[in-house]
Structures are given as structure tokens and as C-alpha cells.
Amino acid sequence: MGRKSRSANLLSNLPQLQNLIKRDPQSYQEEFNQQLHHFEASLAIFELKPDEEASDFGELIGFLSQVVKCYPKQSARFPTQLIQLVQKHYAVLNPELRRSIVQALILLRSRGVVSNLRVMPLFFTLFRCHDKPLRKLLYTHIVNDVKNANKGKHRNHKLNKALQGFMYTMITAADAQDKYGEGAIAAKKSIDVCIDLYRKNIWTDAKAINVIAQACFSPITKVMMTAVQFFLHPQKPDSGNDDSDSETEKTPEKAATKSSTNYRLVQHMTNVNKKTKARMRALERAARLQKRTQAKKDGQIIDYDEEDDATSKKNKKKAQSSANFDVLSLIHDPQGFAEKLFARVQSSATSTKRGGSTTDRFEVRLVLLKLISRLMGHHQLQLMAFYPFFQRYLQPHQVEVAQILAILATATNAFTPPDILQPLIRAIADNFVSDHCSPEVMCAGLNTIRAIAFRQPLSVEPDLLNDLVMYRKHKNKGVMMAARSLLSLYREVNPEMLHRRDRGREATMNIKNGTTSKKDVLGYGETRAADGVEGIELLEMYEEKKNSAFSKSLDQMQ
């Protein structure tokens with residue numbers, strides 16, 4: 001009688017039975033079989049009403065997941081039963097029970113009972129659930145599991161190819177295009193996983209990059225911005241929470257006003273007092289604080305690499321030592337990619353919100369234009385409609401005019417037609433470089449013209465160039481230096497466009513003697529053919545030095 005009661009208590013006390021089974025599996029095989037039959041019966045009953053809480057059923061699943069490795073033959077069907085249960089009823093399952101089942105599957109996967117190819121598609125499907133703790137759990141497990149499967153030089157290409165294909169399917173699915181659909185959440189988390197694996201130097205191939213590139217065309221702004229910001233900052237962490245439902249800042253206006261006030265106060269104290277190292281460090285800290293606050297206000301990604309603490313310096317060195325190549329080089333068909341992005345910017349700029357149509361905010365369009373300009377500069381693309389699009393924004397009072405000028409300069413390359421750039425250069429000169437503008441505006445205009453002329457020297461007309469060079473005698477130092485910089489640029493690349501008095505002695509003598517310098521003037525579309533291997537003379541010097549050292553050593557031996 002005592003043995004029967006002890007056995008009944010043991011069956012009801014699952015933690016104790018679990019401990020005993022792990023110590024001696026053979027002695028408690030009968031008890032395990034009873035619990036396994038109890039699970040199968042409870043599973044058949046639970047599937048009739050899958051929305052029940054069923055806490056006892058969750059405890060039984062947790063117990064079996066701990067001990068199934070001790071009885072592989074008897075429990076061969078257990079992982080399949082759990083996977084099928086979640087696949088059928090994941091949308092209606094109780095959140096606590098669903099989380100218990102997922103934890104059981106993660107435990108089975110970590111112990112090698114089930115392969116990652118069986119559970120990974122299920123875990124990506126579970127990203128559709130409106131359960132934030134569950135998505136966080138799945139995200140951490142997926143990243144760590146893929147990382148462990150690609151340790152060192154070994155790469156699990158079969159797993160990587162299957163997961164990347166599955167991510168591409170989730171991003172391009174029909175329900176992923178609906179802002180309020182479950183597929184949008186799954187697409188966002190899939191992109192986060194892919195980006196995190198790239199930053200861990202695991203998925204650095206072209207297929208992973210193009211999976212992220214596909215998300216740039218998503219109609220959902222949050223998914224699209226995640227992918228676009230990755231291409232702008234491949235090695236930078238995101239400034240916000242990955243799984244936050246709303247990206248709200250706590251009174252950015254007050255924070256910006258406070259940081260700017262502190263910066264002005266510290267700057268004033270530094271100017272009026274004796275300059276010491278401590279005051280200079282305080283000024284640098286105040287400047288960094290103001291920069292971060294302004295970046296948060298503008299919705300930009302904060303550059304954490306500029307922090308002066310030891311952790312950020314260590315992370316920066318680690319990022320530099322990792323694989324260093326540009327993700328923009330791995331994009332398939334960069335011309336088509338840039339054209340699709342620019343078509344979205346144009347449609348958002350010309351459409352309205354009437355009739356239920358959605359438009360992107362100006363900040364979103366600015367980020368898209370920044371990515372397009374980097375693509376055009378990196379791949380030397382030609383997008384003719386891109387440059388006239390900026391004509392309306394070339395005004396000093398325009399919001400984020402500094403970023404707009406930087407985007408325009410970045411998009412210019414050697415294959416940009418000069419006749420397209422000349423109206424923009426003229427507009428910048430008329431609106432920014434004139435006597436009625438402030439010195440800061442004039443500096444911005446002159447520096448932008450110089451940046452464009454550096455990439456395409458034929459974009460500035462000779463008459464306009466000589467008018468701009470006259471500002472080298474301006475009373476403001478910033479304007480004077482900007483004009484001198486433009487003058488020195490054209491003294492090197494094309495001195496014939498300048499007046500004789502502005503060419504400089506060396507350029508004047510070269511033109512007078514008819515000699516050509518190293519930087520010959522090239523027409524539009526012309527390239528300079530290489531006449532040898534650059535740096536070959538250094539190799540010859542090294543060989544001569546090596547031979548001389550060897551001959552000296554022979555002489556000493558003799």
C-alpha cells in the first residue's frame with residue numbers, strides 16, 4: 001500500500017520525477033511511459049478546444065521536454081506533435097501556453113533532439129503573433145542558433161540558404177504589404193534578424209544583402225526605414241527599440257533646448273575664462289550631447305562610435321578589424337534599385353493624402369534620397385530626373401538644407417552630364433552666394449559648389465566660376481577660405497577656365513610652355529588609360545635594397 005501511494009505521489013510530482021529520471025532513466029521508464037500516454041490523451045482533448053489556458057498541459061510539456069533525451073525511441077513522435085500543434089493553432093493558443101511550447105522546442109533544439117531546419121520556419125511564422133515577449137525570445141534564439149551553426153570558418157550553407165529564402169518569402173508575401181496585418185510584424189523581425197547576423201559577421205554574402213534590399217520597397221514605412229538605415233549605417237546599432245510599436249521621444253523640443261543652452265553656456269565660459277584641458281573636455285562633452293539630442297529630434301541614427309568611453313572605442317576597433325567591404329557593392333542591379341527608390345520619392349512628393357492614399361513624410365523621403373545619392377556616387381549611376389528634382393529645395397530657408405546640399409554633392413560623379421548640373425550650380429550661386437545672404441549661407445553654397453566641381457569639373461561655367469572666385473577677398477574668413485578652396489581646385493584640374501591673374505605661377509607657366517601636368521583636363525566621359533602599374537617603382541627599390549643587403553652579408557662572411 002505504501003509503495004502504491006509513493007508511486008502515485010511520484011506521478012503527480014513532476015519536478016521530483018524529472019530529477020529521478022535524469023539520475024536513473026532505466027528504473028523510471030514505466031513512469032515516463034505513463035506520462036507520455038497522459039500527454040497524448042491530453043493532446044487529443046486539448047485540440048478540441050485549443051484556446052483554453054491548460055496550465056497542467058503546459059507543465060507536462062515542460063517535463064517531457066526535459067527528459068525525452070533519455071528515451072529517444074519512445075519519444076520519437078514528441079517533437080513532431082509539438083510542431084504540428086503550434087502550426088495549427090498558434091493564433092488562438094493561450095500566450096503562456098504558447099510560450100511554454102516554444103521554450104520546450106528551444107530546449108529540444110539545444111539538446112540536438114530536433115534539427116534547426118525543422119523548427120526555424122515555425123519560429124519565423126510565430127513572429128506573426130501579437131506577443132512581444134514571445135517575439136523577443138524567438139529573436140534571441142534564432143540569432144544565437146544561426147551564430148552557433150556558423151562558428152569559425154565553418155559555414156552551414158544549407159541552413160543559411162534555406163533561412164534566407166524563407167525570409168525573402170516573408171518579406172514579399174501579400175500579408176506583409178498590409179500595415180496592420182500580421183505579416184508586417186514578421187517581415188520587420190525577419191529584417192532585424194538578417195541585419196543582426198550581418199553585423200555579427202555571419203551573413204555577409206550577396207544573397208543576405210539583397211534580402212535586406214528587397215525590404216526597401218516595402219509599403220510599410222517602419223520596415224522600409226529599417227532596411228534603408230542599414231545601407232546607410234551598416235555597422236551602426238539602431239537608435240531605437242527593434243520591436244517597439246511606436247517610436248516616440250520624450251519631449252525632444254525641451255531636450256534640444258536644454259542641451260543647446262548648456263552648450264552655449266559652456267562655450268561662453270570657455271571663451272571668457274582661462275583655457276584649460278578640463279574646460280576643453282567639458283566643451284567637447286557638451287557638443288556631443290547637443291549633437292545626439294539634435295539627431296534624436298531629427299529622427300537620425302546616433303553615431304555611437306564618437307563616444308569617449310572605453311566600451312565604444314573597443315567596439316569601434318572590433319568593427320574595423322572585421323570584414324570591411326561596402327554593402328552597396330553587393331546589390332544586384334543598382335541602377336534598377338535606385339530607380340525604384342526614386343520613383344517612390346517622386347510619388348510621395350507629388351501625391352496627397354486625399355482619397356485614402358498614403359504619403360511618406362519629408363524626413364523619410366530625405367533618408368531615401370540619401371541612399372539614392374550614395375548609390376549614384378558609389379556605382380557612378382545616371383539618374384537624369386534626380387538632379388532637377390532638387391531645384392525646388394535649393395533655398396536657404398528650406399528645412400534640412402545642409403543635408404539636401406550634401407545629398408546633391410554625393411550623387412554627382414564623373415559620368416553626370418554637365419548640362420544637367422549647370423542649372424543647379426546657377427541656382428545655388430543665386431540663392432546662397434550673394435551679398436544679401438549671411439556668411440554661413442555663403443560658406444555652405446561655396447562648399448557645395450566645390451564638392452560638385454571636384455566630382456565633375458565641367459559643371460561650373462567659366463563666367464560663374466570667375467565671379468565666385470572674387471569672394472576670396474571677402475571680409476568673412478569662412479567665405480574667404482571657401483572661395484580660395486574653389487580657386488585652388490580649378491588651378492589643379494582646369495586652370496584655363498580662370499582669368500590669367502588667378503591661375504597661379506605654376507599653371508601659367510605650364511600653359512605658356514605648352515607642357516602638360518599630371519592632371520590633364522578630361523572631357524565629359526573621357527578616362528585616362530593606365531600606362532603602367534602604379535607603385536611598381538617601389539617594388540624595384542625594394543628589390544635593389546634587398547640585393548644590396550644580401551651582397552653586403554656575403555662580403556662580411558668572406
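1. The model is predicted: local features need pLDDT of at least 70, side-chain atom pairs count only at pLDDT 80 or more, and totals for chains, interfaces and linings use all residues. Residues are numbered from 1 along each chain as its sequence is written, and side-chain values use heavy atoms, with hydrogens and water left out.

2. The largest nonpolar core has 141 residues, and Phe231, Ile372 and Phe386 touch the most other members. Helix α17 (residues 362–379) gives this core its largest share, nine residues. Such a core is a set of buried Ala, Val, Leu, Ile, Met, Phe, Trp, Tyr and Cys residues joined through side-chain atoms within 4.5 Å. Helices are DSSP runs (H or I, at least four residues), numbered from the N terminus.

3. Leaving aside residues up to four places away in sequence, Ile372 touches Ala338, Leu341, Phe342, Val345, Leu383 and Phe386. Contact means heavy atoms within 4.5 Å.

4. Gln81 belongs to helix α5 (residues 78–89). Its relative accessible area is 11%, so Gln81 is buried (under 20%; exposed is over 50%, partly exposed in between; 1.4 Å probe, protein chains only). Beyond four places in sequence, Gln81 touches Phe39, Glu40 and Leu43.

5. Val533, Ile536, Leu539 and Tyr542 make a nonpolar surface patch of about 400 Å². Patch residues have over 30% relative accessible area and no salt bridge, and nonpolar side chains (Val, Leu, Ile, Met, Phe, Trp, Tyr) are joined within 5 Å, like charges within 9 Å. A salt bridge is a side-chain nitrogen of Lys or Arg within 4 Å of a carboxyl oxygen of Asp or Glu. Areas come from the Shrake-Rupley method with a 1.4 Å probe; for residues, only the protein chains shown count as cover. Tyr542, in helix α25 (residues 536–557), is partly exposed at 49% relative accessible area.

Definitions and conventions:
Helix = DSSP H or I, 4+ residues; strand = E, 2+ residues; numbered from the N terminus.
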